[in-house]
Amino acid sequence: MSDTFHHAANESAGSPRDRVVILAHCIMNQSTRARWEGGGATRTEGAVEEIITPLLEHGVGIIQMECPEQTLYGNPRPPRSRDDYDTPEFKEKCREIAVRAMQTIENSTPEVIAALGFEGSPSCGVERTTRTIKGSRAESPGEGHLIEALRQEMREKGLDTPIIGVGLREGEMSIALGKLETLLKG
Ligand code: SF4
């Protein structure tokens, strides 16, 4: 293992800490970000390294949720808003994914330090989503369907975990990293 990932837990003589994050699929796999003829959602290549690297360095496990849009509609897929996805089929898929994320932790009780969404998404946005406003897709404050379902499941399990919105925009990334670093040091 490289020095970069030789984190503190390995150096301690005691038991490793079982800390995890629950995250939106595309933070580890940007290929699920929507693309369509002539366009696509803002994305980078591979994983969002700025977020994944500190998690590895601090020895935090990663629970990657399924991408509901990719599962149901594949990629390429048309650009859609939160309102377009406001259907029983899509909301049920989001609920299933959120329930599965909770099932992953319920019999082992790791410390869930954060859930990470992806800003701008109709599904995974935390502070910023995409709505249909006057017939056109537009940025709007608010969360996406999957984050809403996850928040609900966490509430029902009594889990008071912060949900952080990762964004590729500079301001959003630095806010997300600042929040994450604080939690990682805890
Ligand atoms: S639905 Fe969520 S996980 Fe899938 S590409 Fe969009 S933001 Fe990423």
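I count two residues as in contact if their C-beta atoms, placed from the backbone, lie within 7 Å. Helices (H or I, at least four residues) and strands (E, at least two) are DSSP runs, numbered from the N terminus. I work on a predicted model, where local features need pLDDT of at least 70, side-chain atom pairs count only at pLDDT 80 or more, and totals for chains, interfaces and linings use all residues. Residues are numbered from 1 along each chain as its sequence is written.

**Helix H4**

I started with helix H4, residues 88-106.

Next I looked up burial. A residue is buried if 20 or more other C-beta atoms lie within 10 Å of its own, exposed if 12 or fewer, and partly exposed in between; the C-beta atoms are placed from the backbone. In H4, the buried residues are Phe 90, Lys 93, Cys 94, Ile 97, Ala 98 and Ala 101. They sit on the same side of H4, because they cover an arc of only 130° around the axis. That arc is taken over the directions from the helix axis to the C-beta atoms. An α-helix has 3.6 residues a turn, so residues three or four places apart point the same way. On the other side of H4, I found Pro 88, Glu 89, Glu 92, Gln 103 and Glu 106 exposed.

What covers the buried residues of H4? The cover includes strand E1 (19-23), strand E4 (61-64), helix H3 (68-73) and helix H5 (145-156).

**Helix H5**

I moved on to H5. Its twelve residues reach 17 Å from first C-alpha to last, close to the expected 16 Å. His 145, Leu 146, Ile 147, Ala 149 and Leu 150 are the buried residues of H5. They pack against H3, H4, E5 and strand E8 (163-166). Just after H5, I noted Gly 158 with a positive phi of about 70°.

**The loop between E5 and E6**

I checked two residues in the loop between strand E5 (111-118) and strand E6 (128-133), Ser 121 and Val 126.

Ser 121 counts as buried because it has 29 C-beta neighbours inside 10 Å. Beyond four places in sequence, Ser 121 is in contact with Thr 129 and Gly 144.

Val 126 counts as buried because it has 26 C-beta neighbours inside 10 Å. Not counting residues up to four places away, Val 126 touches Gly 117, Glu 119, Glu 143, Ile 147, Ile 163, Ile 164 and Gly 165.

**The largest nonpolar core**

A nonpolar core is a set of buried Ala, Val, Leu, Ile, Met, Phe, Trp, Tyr and Cys residues joined through C-beta atoms within 7 Å. Which residues touch the most other members of the largest core? Of its 34 residues, they are Val 21, Leu 23, Ala 24, Ile 27, Leu 116, Leu 146 and Val 166. The elements that give two or more residues to this core are E1, helix H2 (49-57), H4, E5, H5, E8 and helix H6 (170-185). E5 gives the most, with six residues.

I followed up Val 21. Leaving aside neighbours within four places in sequence, Val 21 is in contact with Leu 55, Val 60, Ile 62, Ile 63, Ile 113, Ala 114, Ala 115 and Leu 116.

Note on methods
The expected span of a helix is 1.5 Å times one less than its number of residues.
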